[in-house]
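Trainee: Could we go through this model together? I would like to start with the strands and then turn to the helices.

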Amino acid sequence: MIQSYKKKPELQENYDAIIIGSGIGSLATGALLAKQGQKVLLLERHYEPGGFTHTFKRRGYEWDVGIHYIGDMQHPKSILRKLFSYISDDNLQWADMGDVYDKIIIGDKEYDFVKGVTNFKNKMISYFPEEEKAITEYINTIFKASKTSKKFYLDKSLPPLLSKLIGGFMRKPYNKYSDQTTYDVLRNLTDNEELIKVLTGQYGDYGLAPKESSFVMHTAVAKHYFAGGSFPVGGSSQIVKTIVPVIAKAGGTLLISAEVDEVIIENNTAKGVKMKDGKSFYAKNIISGAGIMTTYNKLLPEDTVAKHHLKEQLQKVKRSVASTCLYIGLEGSPEELKLPKTNYWIYPEDLDHDASIARYLEDPDQPFPVVYISFPSAKDPDWPNRYPGKSAIDIITLMPSDTFNEWKGTNWKKRGEDYEQLKEKIAQRLLEALFKKLPHLREKVDCYELSTPLTTQHFVNYEEGEIYGLDHSPKRFRQKFLKPRTPIKNFYLTGQDIMTAGIGSALFSGVLTATALTKKNILKKVQAYKS
């Protein structure tokens, strides 16, 4: 049940757990606890639930703000598929994107990422026949690194004493890979810079270029899509719509327009939350899915933060990249407009990924270092039923948050003419990137709207408009405090910061948090689940 905090909601007298935020990490945690018979109250400050899984509607169109494709969903026995089925009671359906899920475009050259490991390998070899050995070793290394991740993340859910005893052994194999950058690993396999640029062509999925990102983050994304990409049937809003009933079945609810002011801490124990309007709610356990930066900087009492040196912890990690997204509505169905299901990743030809970013940061008028184009209306088989004769496109690029510093503190929709002019300039550049690849769409655009890092800050409450939580550098994976348990009794974290970026990782953060809280083997219950 989704209710508005502003409209006298029907609430239980007490709850087993209160979760701050309603992103996929919070939703998964809530549903997994509900499956254990717990009553859960989710509190969402936005008027739309779902975090980066929510959609918005404007001018007769609908856009997905964060879900563009998900990997590993077509095999019924995949753990990710099982987990989604488990927390949605089998009500969430997935559409296959087809053989080519990503197209890497570098100048005038195109490289297709095709589903199936063997198919992918053969396709890459067809582009780089002299690099067969390196490509084979690259794929083998992806699988070797991936195998070390299970124990690394399992350690995060262990009781502190047990983790102290055996955690080092569980983390060590993973850290062998996490300590290396993506570029360093690939450069050891090949000196072909074009091949490296192609193989790292999905770096936008986690926002950090190859010479700065940890190889394990690249590994997680690359392996995630080897089996192809999928899209939720009915759009990403179906994620909330199918998971909330599972929470409600156990007596829980999700409140929108419900902003938490502070977590109530007494004797180093979390007792409840105080809302912006002064009202308080209490529960046995309090969980924050608001991101560790927001949680420690804004939601905890200052004396608690000081006592546990939580600000010092935050000095050891950095915020991830911010972005801008152009949401486009077009007249004509996806079939009429010949829209692909494949995502386009467009890069400048002259520089590697890191150098392209450096040039752009120095001069924002230089070519965008990456332009990502997604065609959600073509991916969703239910789209024609909801929006006949119309289509939608999303175009995303990196955008430093300080580009919009002069408008910080201004209100959404009221930032002034200069702000709107800058947005229009960026929008036109992104439109031209689209028209260069699909020129026939130039006359079909009905409307468009650009989000900025300030938009993200307003709706998701990430201070710098970051979209992936924390940067996925090698240093990040050495921080043992990025786990569900905190130094505060009965206070837990969930969401992408305790795992890695992306919906799959955020989803699994729910497993970690529910496991740590209940002390039960939640993953075993998921694996035993039969659809």
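Mentor: One definition before we start: two strands pair if DSSP finds at least two bridges between them. Please also keep in mind that this is a predicted model.

Trainee: Which residue stands opposite Cys-325 in strand 19?

Mentor: Ser-451 of strand 19 faces Cys-325. Strand 15, residues 323-331, pairs with strand 19 in the antiparallel sense over 6 bridges.

Trainee: In what order do the strands of that open sheet run?

Mentor: The order is 9-8-16-17-18-15-19, which makes 7 strands with mixed pairing. Strand 9 (109-114) and strand 19 (445-451) have a single partner strand each and stand at the edges, so one side of each lacks a neighbour in the sheet. From one strand to the next, the twist averages 20°.

Trainee: Changing topic, how many residues of helix 1 are buried?

Mentor: 11 of the 12 residues in helix 1 are buried. Among them are Ile-24, Leu-27, Ala-31 and Ala-34.

Trainee: What span should helix 1 have?

Mentor: At 1.5 Å a residue, the 12 residues of helix 1 (24-35) should span 16 Å, and the end C-alpha atoms are 16 Å apart, which agrees. Just after helix 1, Gly-37 has a positive phi of about 85°.

Trainee: And how do the axes of helix 1 and helix 10 cross?

Mentor: The axes of helix 1 and helix 10 (residues 237-249) come within 8 Å and cross at roughly 30°. Angles under 35 degrees count as roughly parallel, so helix 1 is roughly parallel to helix 10. The crossing is left-handed.

Trainee: Which residues make the contact?

Mentor: Helix 1 contributes residues including Ile-24, Leu-27 and Lys-35, and helix 10 contributes residues including Ile-239, Ile-243 and Ile-247.

Methods:
Residues numbered from 1 in each chain as written. Predicted model: local features only at pLDDT ≥ 70, side-chain atom pairs only at ≥ 80, totals over all residues. Heavy atoms only, no water. Helix = DSSP H or I, 4+ residues; strand = E, 2+ residues; numbered from the N terminus. Expected span 1.5 Å × (residues − 1). Buried < 20%, exposed > 50% of the residue type's maximum accessible area, 1.4 Å probe, protein only. Axes fitted to C-alpha atoms, helices over the stretch in contact; angles between N-to-C directions. Parallel < 35°, antiparallel > 145°, perpendicular 65-115°, else oblique. Left-handed = near helix turned anticlockwise from the far one by under 90°. Contact = heavy atoms within 4.5 Å.
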